[in-house]
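Subject: Structure for your review

Dear colleague,

Please find the structure below, followed by an account of what was found in it.

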Amino acid sequence: MRLHAAPWPDVVKMIQECNLTNYSIFIHERLVFAYFEYVGTDYEADMKKMEEDPVTQRWWEHTHPCFEEYAFDKDSPYYHDMERIFYVK
């Protein structure tokens with residue numbers, strides 16, 4: 001929680017450059033949930049750009065161990081996209 005209280009400015013910049021807005025991460029006991037709104041036109045390309053960014057890669061090296069406790073299993077990817085089942089605007 002300390003790491004995410006003071007994210008690196010270049011990581012925040014990359015998040016914005018990759019067209020993510022209203023990005024939040026929540027935690028409750030053993031449940032971690034991230035929410036963001038994507039405002040771009042090519043999600044896969046933007047996520048690839050973020051994944052290839054050297055600063056973001058270093059950030060993930062620091063933050064990934066924080067989430068291992070909450071992973072589905074030891075081979076679980078860093079995050080899982082979820083299917084939306086309800087929406088009201």
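Is lysine 48 buried, exposed or partly exposed? Lysine 48 is partly exposed, as its relative accessible area is 49%; here buried means under 20% relative accessible area, exposed means over 50%, and partly exposed lies in between (1.4 Å probe, protein chains only).

Please note that this is a predicted model, in which local features need pLDDT of at least 70 and side-chain atom pairs count only at pLDDT 80 or more, while totals for chains, interfaces and linings use all residues. Residues are numbered from 1 along each chain as its sequence is written, and side-chain values use heavy atoms, with hydrogens and water left out.

Salt bridges

A salt bridge is taken as a side-chain nitrogen of Lys or Arg within 4 Å of a carboxyl oxygen of Asp or Glu. By this rule there are three salt bridges. In general, side chains of opposite charge can pair when their charged atoms come close.

Lysine 48 is joined to glutamate 52, with 2.7 Å from N to O. The two residues are four apart in helix α3, and therefore separated by about one helical turn. Helices (H or I, at least four residues) and strands (E, at least two) are DSSP runs, numbered from the N terminus. Glutamate 52 is partly exposed, at a relative accessible area of 48%.

In helix α2, lysine 13 forms a salt bridge with glutamate 17, and the closest N and O atoms are 3.8 Å apart. Lysine 13 has 47% relative accessibility and so counts as partly exposed; glutamate 17, at 34%, counts as partly exposed too.

Glutamate 17 also meets lysine 49 in a salt bridge, at 3.7 Å from N to O. This pair links distant parts of the chain, since glutamate 17 lies in helix α2 and lysine 49 in helix α3, 32 residues apart. Lysine 49 is partly exposed, with 38% relative accessibility.

Helix α4

Helix α4 covers residues 54–67.

The buried residues of α4 are Val55, Thr56, Trp59, Thr63 and Phe67. These residues pack against α1 (2–5), α2 (9–17), β2 (31–38) and α3 (43–52), where contact means heavy atoms within 4.5 Å.

Yours sincerely

How values were computed: The expected span of a helix is 1.5 Å times one less than its number of residues.
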